[in-house]
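Please keep the sequence and the coordinates at hand while reading.

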Amino acid sequence: QNNTKYVYVFIREDLSHPQQIVQSCHAAIEATSLIPYNSEHPHLVLCGVRNESELLKISARLQAYNIQFKAFQEPDRNNEYTSIATEPISGNKRKIFKRYQCLREKRYERKLE
């Protein structure tokens, strides 16, 4: 069985790119409390979700599967939930994350001058 550990970070895609970076870092920092001292550094998987509502659905799903996580609420955004980071996940537990996609760069068309 593969014992490689992964921390999943979920970030809202309706935030600006700079805010996605900052908010995902907030959640990752919060999740360090879920990583045992002196354990091997986990891999990071950054997943994009549409909005706060979808983020809350993921929170409920993680609770249903008894997966520990830290959700970050941004005080400057009226305490909206902006990101979630999980405890380190390995083995068969990773299967529940297959439905989620890695964060993608938004493609914008630019006019060439």
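The sections below go through the salt bridges and the accessibility of their partners.

## Overview

The model is predicted, and a search over the whole of the structure finds 5 salt bridges.

## A linked network

Salt bridges join Arg12, Asp14, Arg77 and Glu80 into a network. Within this group, the side chains of Arg77 and Glu80 meet with a distance of 3.1 Å from N to O. Arg77 is partly exposed, its relative accessible area being 30%, and Glu80 is likewise assigned as partly exposed, with a value of 23%.

## The pair Arg50 and Glu54

A salt bridge is also formed between the side chains of Arg50 and Glu54, where the N to O distance is 3.3 Å. Arg50 counts as exposed, because its relative accessibility is 61% and the exposed class is set at over 50%. Glu54, with a relative accessible area of 21%, is partly exposed.

## The pair Lys93 and Glu87

In the salt bridge between Lys93 and Glu87, the closest N and O atoms lie 4.0 Å apart, and the criterion for such a contact is a distance within 4 Å. Lys93 is partly exposed at a relative accessibility of 39%, whereas Glu87 is buried, because its relative accessible area of 15% falls in the class defined as under 20%.

Definitions and conventions. Residues are numbered from 1 along each chain as its sequence is written. This is a predicted model: local features need pLDDT of at least 70, side-chain atom pairs count only at pLDDT 80 or more; totals for chains, interfaces and linings use all residues. Side-chain values use heavy atoms; hydrogens and water are left out. Buried means under 20% relative accessible area, exposed over 50%, partly exposed in between (1.4 Å probe, protein chains only).
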